[in-house]
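Open the model in your viewer and keep the selection tool at hand. The tour goes from one selection to the next and says what is there.

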Amino acid sequence: MRAFAGAVLPPLIRTAEVVTALLLFAMMMLTFADVIGRYIFTAPIFGAAEMIQFLLAMTIFGGLCLSNARDEHITVELLEARLDRLFPVTRRIIVQAFSVGIMAIIAWQLYQFALDAQRVGSKTVVLEWSFASVAYIVAGLSAVSLVAQILGLMLSSPARHPDEPGGAL
């Protein structure tokens with residue numbers, strides 16, 4: 001399984017990096033063009049706020065794929081030192097199982113939201129774009145994020161803490 005994860009995860013991470021960078025760049029350029037159009041030409045881009053919202057959601061879930069794969073989440077270490085002394089291996093297993101479970105719930109709920117949006121025919125207010133299209137993309141990105149997280153856990157060394165060199169991808 002480690003060989004499979006080692007073969008699949010690097011191209012998946014590279015693809016996620018490129019897609020997320022392109023989404024962020026598109027959001028940046030759209031915001032720049034909208035501000036220039038608004039303040040210099042008095043002609044803002046119609047629906048720019050909605051487009052930026054969609055790009056932001058996709059960028060966040062693309063970035064989540066990267067942080068999940070590398071196990072590089074922001075953490076608050078209030079009790080970690082004490083729990084590491086008491087339960088050195090068990091704590092990490094419980095935390096990772098909880099994290100994978102929550103990511104699975106997020107992916108499932110986003111998929112359910114996309115199905116509901118499609119069934120109801122929800123559209124945005126200004127551009128009248130379908131919410132379902134973006135919801136499916138975000139649900140897909142969260143599913144890819146879940147897969148990347150599981151593959152990253154297969155490759156991480158259980159003996160090392162993720163904050164230590166070599167503890168994560």
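A nonpolar core is a set of buried Ala, Val, Leu, Ile, Met, Phe, Trp, Tyr and Cys residues joined through side-chain atoms within 4.5 Å. Keep in mind that this model is predicted.

Start with Leu30, Leu55, Met58 and Val138: these have the most contacts inside the largest nonpolar core, which has 13 residues. Which helix gives the most to the core? It is α2, with six residues.

Now select Met58. Not counting residues up to four places away in sequence, Met58 touches Leu23, Ile137, Val138 and Leu141.

Move on to Asn68, in helix α2 (residues 48–70). Is Asn68 buried or exposed? Its relative accessible area is 4%, under the 20% cut-off, so Asn68 is buried. Show the side chains of Asn68 and His73 to see a polar contact of 2.8 Å between them. Leaving aside neighbours within four places in sequence, the contacts of Asn68 are His73, Met103, Ser145, Ala148 and Gln149.

Finish at the surface. Select Val76, Leu78, Leu79, Leu83, Leu86 and Phe87, which make a nonpolar surface patch of about 650 Å². Within this selection, Leu79 has a relative accessible area of 53% and is exposed. In soluble globular proteins, nonpolar side chains tend to be buried together.

How values were computed
Residues are numbered from 1 along each chain as its sequence is written. This is a predicted model: local features need pLDDT of at least 70, side-chain atom pairs count only at pLDDT 80 or more; totals for chains, interfaces and linings use all residues. Side-chain values use heavy atoms; hydrogens and water are left out. Helices (H or I, at least four residues) and strands (E, at least two) are DSSP runs, numbered from the N terminus. Buried means under 20% relative accessible area, exposed over 50%, partly exposed in between (1.4 Å probe, protein chains only). A polar contact is a pair of N or O atoms within 3.5 Å; within protein, one must be able to donate a hydrogen and the other to accept it, and residues adjacent in sequence count only if both atoms are side-chain atoms. Contact means heavy atoms within 4.5 Å. Patches are made of residues with over 30% relative accessible area and no salt bridge: like charges are joined within 9 Å, nonpolar side chains (Val, Leu, Ile, Met, Phe, Trp, Tyr) within 5 Å. Accessible areas come from the Shrake-Rupley method with a 1.4 Å probe; for residues, only the protein chains shown count as cover. A salt bridge is a side-chain nitrogen of Lys or Arg within 4 Å of a carboxyl oxygen of Asp or Glu.
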